[in-house]
Amino acid sequence: MPKLTIDGMNIEVPAGTTLLQAAQQLGIYIPRYCYHPKLSVAGNCRMCLVEIEKSPKLVTACSTEAAEGMAVSTAGEKVKKARRDVLEYLLINHPLDCPVCDQAGECGLQDYYMEHSLQKSRFAADDKVLRQKRRAVGPHLILDNERCILCTRCVRFCAEVTKTAELEVMERADHSFIDLKEGRALDNGYSLNIADLCPVGAFTSRDFRFKQRVWFLKKTPTICLGCATGCQIEAQHNRNAVYRLVPRPNAETNTWLCDYGRMTYKAVQAGDRLEKAMIRRGLIDIEPALREAATRLDEFKGAAAVLGSPWLSVEDNAALARLARESLKTAAYCFDHTAEQGIKDGILINKDPAPNTAGLKKVKAAAGGLSLEEFTALLAGGKVKVLVAEAKAYGLVKAAAAAAGVRLVIFALNRGDAPASAHALLPYASYFETPGTFINYQGLRRATAPAVEPPQGVKPLWAVVNKLASYSGAELHLDSPAAALKDINF
């Protein structure tokens, strides 16, 4: 293991460690554009130049391995001058787009210019090279070639991560630019990671463009519920509206985030979001709707059934289990769901589209109940007259329930998720609005965190279940998420 000094500090690192990585271990930040820990080393931006004692030239810290006895300087005058020169070179043809650029506030050029340059341009504005601007290059991205500094992060991402290789560097020398290969589009399912990777706003998100300045956004750590992978994400929001989701890189699940997962926030703010309940397709306040649903459950108390959902949190499923056992006093309940697990695309997207299949198994272990096959057969046999279920889970038994004419009490976020035949549609707070526990396909326990407030009067599903049970004459005492989890063994 080589021993070296960086800015006068001693460090010993494993063989193969680069100077940039060694400096990071000492808490020394070396500026960079092209380097990314999950991509191959390119060494083409030259921002990470450092000085090695007795070396005639500066070297790139991202590609130079630490060697025994090295004495490295990351802040000497030669290094500072090199950074100023690199920034001047990168800014010579860069457009003055800052007032209208969505990268403002998280732009590497802005930050490094303020920290390492602060020089006026020696180049006449009229002589700047002009390139194509604001071109849609896929369903999620806009490309502005004038802003590009040719760091090639985007090219390497498509070649090495998605392995779709839609992008390449065209032409040579000062005529070089990033472009799509002929006949291609950036639609690989992970394209919005390129907007995250781009340090200068050459690639921007079509969904997020001009929605918010980033310095207004508040950030809430949570998890993605797009599938069973359970990626860690950050919900960025302002004034009770979510504007974008970005990954929280971690060693357990994800560095990146798929495009589908990034769009899951839209259901919370969709035009068909249920803010009131519905009885026989007519809007009604939530409280009278709960009383009506409770009346129907009481009417068919001996023939009521409850279906758990792998799309709901452990807390919500546990509340449904208690509704079945303690309020409805029925044996016709099911918290069983089986799906093939594993990453189907080699990156992030799981074979199981439900986020909490493993969490549902915990509820089944605690509460028991029928298998999904037994439950479906019970519905088809006509013994069930009313079914309580979450909208997506209802799809698992839809054919049997519809054929038997079962009356439906459905929990739903959006009208589009729910069957038109439902007798009662009951809204509940999304997992961007309330805490919830989920277990991913690896068995990792993860929690959502509220980033925004639900519509007025809309409560977490466990709280709705608690009120529904009370209208049926049973007090479940579910006054907190913890109360719902008390019988669940993690």
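Colleague: Why is Lys 163 called exposed?

Modeller: In this predicted model, Lys 163 has a relative accessible area of 63%. Exposed means over 50%. The value of 63% passes that mark, so Lys 163 counts as exposed.

Colleague: Where does Lys 163 lie?

Modeller: Lys 163 sits in the loop between helix 4 (153-160) and strand 8 (167-170). Its phi is near 60°, a positive value in a residue other than glycine.

Colleague: What makes Ala 165 partly exposed?

Modeller: The relative accessible area of Ala 165 is 25%. Buried needs under 20%, and exposed needs over 50%.

Colleague: On to the cysteines. How many disulfides does the structure hold?

Modeller: The count is zero.

Colleague: Are Cys 101 and Cys 258 buried or exposed, and how do you know?

Modeller: Cys 101 has a relative accessible area of 7%. For Cys 258 the value is 11%. Buried means under 20%, so both cysteines are buried.

Colleague: Which residues of helix 9 are buried?

Modeller: In helix 9 (residues 357-367), these are Thr 357, Gly 359, Leu 360, Val 363 and Ala 367. They cover an arc of only 155° around the axis, which puts them on the same side of helix 9.

Colleague: Which exposed residues does the face turned away from that buried side carry?

Modeller: Lys 361 and Ala 365.

Colleague: What makes strand 6 and strand 7 a pair?

Modeller: Strand 6 (135-136) and strand 7 (residues 141-143) share two bridges, in the antiparallel sense. Pairing needs at least two bridges, so these strands qualify. Arg 135 stands opposite Leu 143 in strand 7. The open sheet has three strands in the order 6-7-10, with antiparallel pairing.

Colleague: Why are strand 6 and strand 10 called edge strands?

Modeller: Each of them pairs on one side only.

Colleague: How many cavities of 30 Å³ or more are there?

Modeller: One. The largest cavity has a volume of about 100 Å³. Its lining has 15 residues, and nearest its centre are Cys 151, Cys 154, Cys 198, Pro 199 and Phe 203. Helix 4 and helix 5 are the elements that give two or more residues to that lining. By class, the lining has 13 nonpolar, one polar and one charged residues.

Colleague: What about the largest pocket?

Modeller: The space in the largest pocket is about 1,100 Å³. It is lined by 42 residues; closest to its centre are Glu 106, Ala 195, Asp 196, Leu 197 and Cys 198. Helix 5 gives the most to this lining, five residues. The lining of the largest pocket divides into 21 nonpolar, ten polar and eleven charged residues.

Terms used: Residues numbered from 1 in each chain as written. Predicted model: local features only at pLDDT ≥ 70, side-chain atom pairs only at ≥ 80, totals over all residues. Heavy atoms only, no water. 1 Å grid on protein atoms, 1.4 Å probe; cavity = no way out; pocket = protein on both sides within 12 Å on 5 of 7 lines; lining within 4 Å. Points joined across faces, edges and corners; volume = space filled by probe spheres on them. Helix = DSSP H or I, 4+ residues; strand = E, 2+ residues; numbered from the N terminus. Nonpolar A, V, L, I, M, F, W, Y, C, P; charged D, E, K, R; others polar. Disulfide = S-S within 2.5 Å. Buried < 20%, exposed > 50% of the residue type's maximum accessible area, 1.4 Å probe, protein only. Arc of directions from axis to C-beta.
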